[in-house]
Amino acid sequence: MDIYWNSILTALNLIITADSKLIEIFFLSFKVTFSALIISCFIGLPLGTFLAIQQFKGRAIFIGLVNSLMAIPPVVVGLFVYINLSRSGPLGWMGLLYTPTAMIIAQVILILPIISSLTAQVIEDLYESYNDLFLSLVTPKFQTIIAYIIDARYSLVTVILAGLSKGISEVGAVIIVGGNIDHLTRVMTTTITMETSKGDLSLALAIGIILLFMSITINLLVTYKKYTY
């Protein structure tokens, strides 16, 4: 039990003293995750809504493919991004490998299928109720998609939180494309991995406690606002 108490004390000490290294990796972690989440929502919410309301040939196959991508292994995504961004890859000229941008790209690939798939499931429930109305009003497709998203905004909060949870806990892909470079690409999850491999379990667990606390806090705040409106 000593290791848990030591970890809690270490975590409190890091927070109280405003440890500069902790602050650095904390803000980089949330910068990467929230950037990826915003991009994924910008693409995934309209895409999921479109898949829910639009009938086209091959729709079932496309939806099945998006659903399947929700389970794609993060290390496979990391390898895919690494190959494309490496010097010998097609995008190597951009020099993005081992940068926060590469980490954001990897997280977008992981989060986007979750946002798209879950959004489609949420909007499908509204489709039967509103479809006839939108058809009678001859509403343009773009306006229809926006209307569905606005009407389902409270349900979509849960979808966004699912994407946030996926991104904030990711380590496999980001450590491959980011390299866990100190003062550049080292985030909280990769720091936990590194400290564990070094045998500094107290520090690793302390950072894990801080990450868990912040994740729970964000979810509680968003959920509270969702159910108080």
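Predicted model: local features only at pLDDT ≥ 70, side-chain atom pairs only at ≥ 80, totals over all residues.
1. Ground rules first. Local features need pLDDT of at least 70 and side-chain atom pairs count only at pLDDT 80 or more, while totals for chains, interfaces and linings use all residues. Numbering runs from 1 along each chain as its sequence is written, and side-chain values use heavy atoms, with hydrogens and water left out.

2. Isoleucine 145 sits in helix H6, residues 141-151 (helices are DSSP runs of H or I, at least four residues, numbered from the N terminus). Isoleucine 145 is buried at a relative accessible area of 10% (buried means under 20%, with a 1.4 Å probe and protein chains only).

3. What does isoleucine 145 touch, leaving out residues up to four places away in sequence? Pro46, Thr49, Phe50 and Ile53, where contact means heavy atoms within 4.5 Å.

4. On to the cavity search: there is 1 cavity of 30 Å³ or more. A cavity here is a set of points, on a 1 Å grid over the protein atoms alone, where a 1.4 Å probe fits but cannot get out; lining residues have an atom within 4 Å of a point. The largest cavity holds about 80 Å³, the volume being the space filled by probe spheres set on points joined across faces, edges and corners.

5. The largest cavity is lined by 13 residues, with Ser29, Thr33, Ile168, Val187 and Thr189 closest to its centre. Helices H2 (20-53), H5 (100-137), H7 (153-168) and H9 (188-198) each give at least two lining residues, and H2 has the largest share, 3 residues.

Definitions and conventions. Buried < 20%, exposed > 50% of the residue type's maximum accessible area, 1.4 Å probe, protein only. 1 Å grid on protein atoms, 1.4 Å probe; cavity = no way out; pocket = protein on both sides within 12 Å on 5 of 7 lines; lining within 4 Å.
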